[in-house]
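Please look over the sequence and the fold below.

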Amino acid sequence: MAPHHPHHHRRRLATIAGIAVIGASAALAGCGDDTTPPGATATSPSATVSSSDAASAVAAAFARLRAGTYESTTRGTSSFDASGLDASLRGAAEAQFATQPTDVDTATRFESPERIAITQRLPAGQQEIVLYDGDVFVRRAGGDWARVTGEAASAFAQATSLAGLDPTALYSAIRNDGPTEADGRPATRYVGTIDPGRAGDLLAGVLAGLGGAGSAIRDAVALDGGTATILVDDATGTVARNEVALEVSFDFGALAQAAGADAGGDLGPVRMSGTSTETVGDVGGDVVVTRPEATTTVSTISGLGEFLAG
């Protein structure tokens with residue numbers, strides 16, 4: 001029988017939970033459909049549009065965008081604070097977070113809600129995702145495509161359903177902040193806060209599709225606060241830029257249990273600060289997403305991870 005090494009177990013626990021934290025934070029950051037840190041903004045004295053009218057205008061701008069074709073680029077950044085963790089895990093967790101990308105650039109080509117091509121550029125390389133008429137395909141750094149099925153495809157479906165939500169379902173106190181410009185074009189600026197209760201309810205509904213693990217992750221994740229800034233192009237009435245900033249806390253022990261580790265007790269929290277900025281272009285342009293030719297199939301989340309790791 002192999003000897004038991006407590007420090008090896010703690011390192012494995014920190015690694016598993018660290019990956020879970022990053023995955024959950026990515027899902028939450030996707031709620032806004034796009035982002036940059038908004039910063040403090042004073043309401044324009046001339047902005048007299050009511051909150052309900054502003055929310056309706058923002059909802060209509062997202063609906064118009066998704067009713068046609070577009071391309072967008074997104075820059076996301078995140079940082080993690082593990083100082084609240086149990087001392088036995090803190091060092092391993094910090095080492096795990098240090099290996100993860102803090103800046104992620106994403107390019108999206110949107111033909112329709114059923115046909116979307118996404119390219120993510122990470123410090124360690126590039127990966128591509130294509131959603132095509134209900135099927136999911138992935139590849140890394142221009143390699144062979146894999147078709148994703150089973151639980152791995154379910155995880156993709158749950159994550160992408162977040163991005164398809166009406167963002168106004170997450171925001172409260174949306175207000176018209178007056179005229180501005182987006183890439184030199186006249187635009188209207190809207191600002192709001194991300195309502196923790198609404199976001200929690202929507203995240204719970206999405207994670208419910210992942211069974212017991214999703215329920216455990218839902219209970220382990222708390223949105224502490226967030227802000228959103230949306231620029232709407234005056235000429236097209238579509239979203240030109242969406243900026244989101246989030247503060248999230250994770251119950252490390254609960255996340256580890258959700259990932260299958262035999263953790264127990266209060267291990268302390270990990271806190272994540274994330275921002276993202278999505279800039280939309282080529283609205284109504286000739287965007288065509290083609291169905292990839294897959295050479296293999298992956299059906300488990302662990303198998304997907306191994307495939308993308310090369």
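In which loop is Asp282 found? The loop in question lies between strand E11 (269–281) and strand E12 (294–298). This is a predicted model. In it, Asp282 has a phi near 50°, a positive value in a residue other than glycine. Its relative accessibility is 42%, so Asp282 counts as partly exposed.

Asp133 can be read alongside it. Its phi is near 50°, again positive in a residue other than glycine. Asp133 sits in the loop between strand E4 (125–132) and strand E5 (135–140). With a relative accessible area of 43%, Asp133 is partly exposed. Why does that value fall in the middle class? Because buried means under 20% and exposed means over 50%, with partly exposed in between.

E4 and E5 run antiparallel and are joined by six bridges.

Three bridges join them, and the strands run antiparallel. Here Val138 has Ala146 in E6 as its bridge partner. This hairpin has four residues between the strands, and Ala141 takes a positive phi near 50°. E5 itself is mostly covered, with five of its six residues buried.

Is strand E9 (residues 221–233) largely enclosed or open? Of its 13 residues, 10 are buried, so the rest of the structure largely encloses E9.

E9 pairs with two strands described here. With strand E8 (residues 185–194), the pairing is antiparallel over seven bridges. Arg189 has Leu231 in E9 as its bridge partner. With strand E10 (residues 239–251), E9 pairs in the antiparallel sense over 11 bridges. Thr229 stands opposite Glu243 in E10. E9 and E10 form a hairpin with five residues between them. In that turn, Gly237 has a positive phi of about 70°.

## Helix H3

Helix H3 (residues 87–98) has 12 residues. At 1.5 Å a residue they should span 16 Å, and the end C-alpha atoms are 17 Å apart, which agrees.

Which residues of H3 are buried? They are Leu89, Ala92, Ala93, Gln96 and Phe97. Seen down the axis of H3, these buried residues fall within an arc of 140°, so they line one face of the helix. The face turned away from that buried side carries the exposed residues Ala87 and Ala98.

## The second largest pocket

The second largest pocket has a volume of about 150 Å³. It is lined by 15 residues. Closest to its centre are Arg109, Ala117, Glu128, Val130 and Trp145. The elements that give two or more residues to the lining are strand E2 (103–112), strand E3 (115–122) and E4.

What classes of residue make up this lining? There are nine nonpolar, three polar and three charged residues.

Key:
Residues are numbered from 1 along each chain as its sequence is written. This is a predicted model: local features need pLDDT of at least 70, side-chain atom pairs count only at pLDDT 80 or more; totals for chains, interfaces and linings use all residues. Side-chain values use heavy atoms; hydrogens and water are left out. Buried means under 20% relative accessible area, exposed over 50%, partly exposed in between (1.4 Å probe, protein chains only). Two strands pair if DSSP finds at least two bridges between them. The expected span of a helix is 1.5 Å times one less than its number of residues. The arc is that of the directions from the helix axis to the C-beta atoms. On a 1 Å grid over the protein atoms alone, a cavity is a set of points where a 1.4 Å probe fits but cannot get out, and a pocket is an open set with protein on both sides within 12 Å along at least five of seven lines; lining residues have an atom within 4 Å of a point. Grid points are joined across faces, edges and corners, and a volume is the space filled by probe spheres set on the points. Ala, Val, Leu, Ile, Met, Phe, Trp, Tyr, Cys and Pro count as nonpolar, Asp, Glu, Lys and Arg as charged, and the others, Gly among them, as polar.
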